[in-house]
Amino acid sequence: MASTPLQPVRGTRDLIGEDHRRHHHVITAARRITGLYGFEEWATPIFEDTRVFARSLGETSDVVSKEMYSFTDRGGDSITLRPENTAGVCRALVTNGLTQSNLPRKVFYAGPMFRYERPQKGRYRQFHQIGAEILGAAEPLADAEVIAAGWNILQDLGISDGVVLEINTLGDAESRDAYRTALVAHFTAHKDSLSEDSRIRLEKNPMRILDSKDEGDRRIVATAPTIQPYLTPAASAFFAAVLKHLETLGVPTRENPRIVRGLDYYSHTAFEFVTDRLGAQGTVMAGGRYDGLVEEMGGPATPSVGWAAGVERLSMLLAATPAAPRPVAVIPVSEAQEAAAIQLTQQLRQAGVTAEIAYKGNLKRRMERANKIGARAALILGEDEVAQGIVQLRDLDAGTQDRITAAEAVARLRG
């Protein structure tokens, strides 16, 4: 009796063929564009001490309370698969002793994240993110530059049409204190109509209610005050400077006073790149300024700003799948020419040409294999060719065939 074939765990998927080429294309573009801005790539562990995320995201956040993959390892330590990577980057800054020198640090990352949530279009329990962080810069230009890098990535991928940058300010600490008082008054007046989660947040961090997805909460949020009347002059000036820099950098913006980041360490700029091409879940890139997070990791006050974007969501917006490289097929007519064919295959590869040699089969079968793999050309070596130091170069698109030296074939195919 045959056993049931094993399937991927719910909320995960295999990246194969076209899926992987789209995925790889997004990351490669992001790596290149952030490199132009002076970002260096960091790779942090995919699991951390649970406190890295519990302290940074807040015990009452949905991520911590409902979505984290946490477990106790054999040493009795509480470990969590990373649900996001900003906290890990800040932890790495502190534990590697980088908080006092060569600031600001511009960091790019790419890799898998894990959240236990309902799988849906473009959202998985193992998903992938790219992200950019500027650590140790308090100036508005840092906010604008990291946003501009994100916008340039979207442009480079050809998916910026229909994507809008929505931006808001969360002000400084004084602004948020005044705003928090106003929010408490508003939500307390509607407390009986709030969801259970939002009633808990009302006691601990009322700004989190503004992020609620509960329909009843959303109606109450719609009439809540915005932060703008409570901004200090300094906070207003900071936001105005960010907007001016974005204009200079050529990034179109739309102010949205409802964009918030409910965590205590967020301040000033909050933003999202949104689109209507992914249905209701339209955010493709989001971030903000988080001046208190490095302190949460045990480091000194280190003003920082950054964003993260879902690779799956970005890859869904690509107009076309990047083409796979078309190889050259090297075909010995018989076993006697196999050694020469192997040597020629390696010469092609060393010259930067994708090349394949079939492991078995006669001339007909090897040519069939060349067509199946989408080869652009075939190099055929028979007894006479090997004896004369030449090859038959067959252009599989044009149908033409030439007898030239191996060196000429390599040069032509490389060009």
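## Close-up views of a predicted model

**Arg-394 has Gln-401 as its bridge partner in β16.** Before going on, a word on the model: residues are counted from 1 along each chain as its sequence is written, and the model is a predicted one, where local features need pLDDT of at least 70, side-chain atom pairs count only at pLDDT 80 or more, and totals for chains, interfaces and linings use all residues. Side-chain values use heavy atoms, with hydrogens and water left out. Helices (H or I, at least four residues) and strands (E, at least two) are DSSP runs, numbered from the N terminus. Strand β15 (residues 390-395) and β16 run antiparallel and are joined by 5 bridges; two strands count as paired if DSSP finds at least two bridges between them.

**Here's an open sheet of 5 strands with mixed pairing, in the order β13-β12-β14-β15-β16.** Which strands sit at the edges? They are β13 (355-357) and β16 (401-405), each pairing on one side only. From one strand to the next, the twist averages 25°. Helix α13 lies across β12 (328-332), β13, β14 and β15, and runs at about 175° to β12. Helix α15 packs on the sheet too, touching β12, β14, β15 and β16, and its direction makes about 115° with that of β16. For these angles, axes are lines fitted to C-alpha atoms (for helices, over the stretch in contact), and angles run from 0 to 180 degrees between N-to-C directions.

**Helix α12 (residues 338-350) and helix α15 (residues 406-414) cross at roughly 35°.** Their axes come within 10 Å, and the crossing is right-handed. Leu-344, Gln-347 and Leu-348 of α12 make the contact with Ala-406, Val-410 and Leu-413 of α15. Contact here means heavy atoms within 4.5 Å.

**Arg-376 sits in the loop between α13 (363-372) and β14 (377-381).** Arg-376 is partly exposed, with a relative accessible area of 28%. On this scale, buried means under 20% relative accessible area, exposed means over 50%, and partly exposed is in between (1.4 Å probe, protein chains only). Neighbours within four places in sequence aside, the contacts of Arg-376 include Arg-326, Arg-394, Asp-395 and Leu-413. How far is its C-alpha atom from that of Gly-299, 77 residues away along the chain? The separation is 56 Å.

**Strand β9 (residues 266-275) is mostly covered, with 10 of its 10 residues buried.** It pairs in the antiparallel sense with strand β7 (residues 163-169) over 7 bridges, and Asn-168 stands opposite Ala-270 in β9. β9 also pairs antiparallel with strand β10 (residues 283-290), again over 7 bridges. In β10, Phe-273 has Met-285 as its bridge partner, while Glu-272 has Ala-286. β10 is largely enclosed by the rest of the structure, as 6 of its 8 residues are buried. Next along, β10 and strand β11 (residues 304-310) pair antiparallel over 5 bridges, and Met-285 meets Ala-309 in β11.

**The largest nonpolar core has 43 residues.** A nonpolar core is a set of buried Ala, Val, Leu, Ile, Met, Phe, Trp, Tyr and Cys residues joined through side-chain atoms within 4.5 Å. Which of them touch the most other members? Ile-130, Ile-147, Phe-273 and Trp-307 do. Helix α5 (residues 140-156) supplies the largest share of this core, 9 residues. There's also a second, separate core of 41 residues, which includes Val-94, Phe-127, Leu-135 and Leu-194.

**Helix α7 (residues 196-204) has the buried residues Ser-198, Arg-201 and Leu-202.** Why do they end up on the same side of α7? Because they cover an arc of only 110° around the axis, where the arc is that of the directions from the helix axis to the C-beta atoms. The face turned away from the buried side carries the exposed residues Glu-196, Glu-203 and Lys-204.

**A cis peptide bond joins Leu-103 and Pro-104, with omega of about 5°.** Pro-104 is in the loop between α4 (86-95) and β5 (105-114), and Asn-102 is found in the loop between α4 and β5 as well. Asn-102 has a positive phi of about 55° although it isn't a glycine, and is exposed, with a relative accessible area of 59%. Over in strand β9, His-268 also has a positive phi of about 55° without being a glycine, but His-268 counts as buried at 11% relative accessibility. Most residues other than glycine have a negative phi, and most peptide bonds are trans.

Notes. Left-handed = near helix turned anticlockwise from the far one by under 90°.
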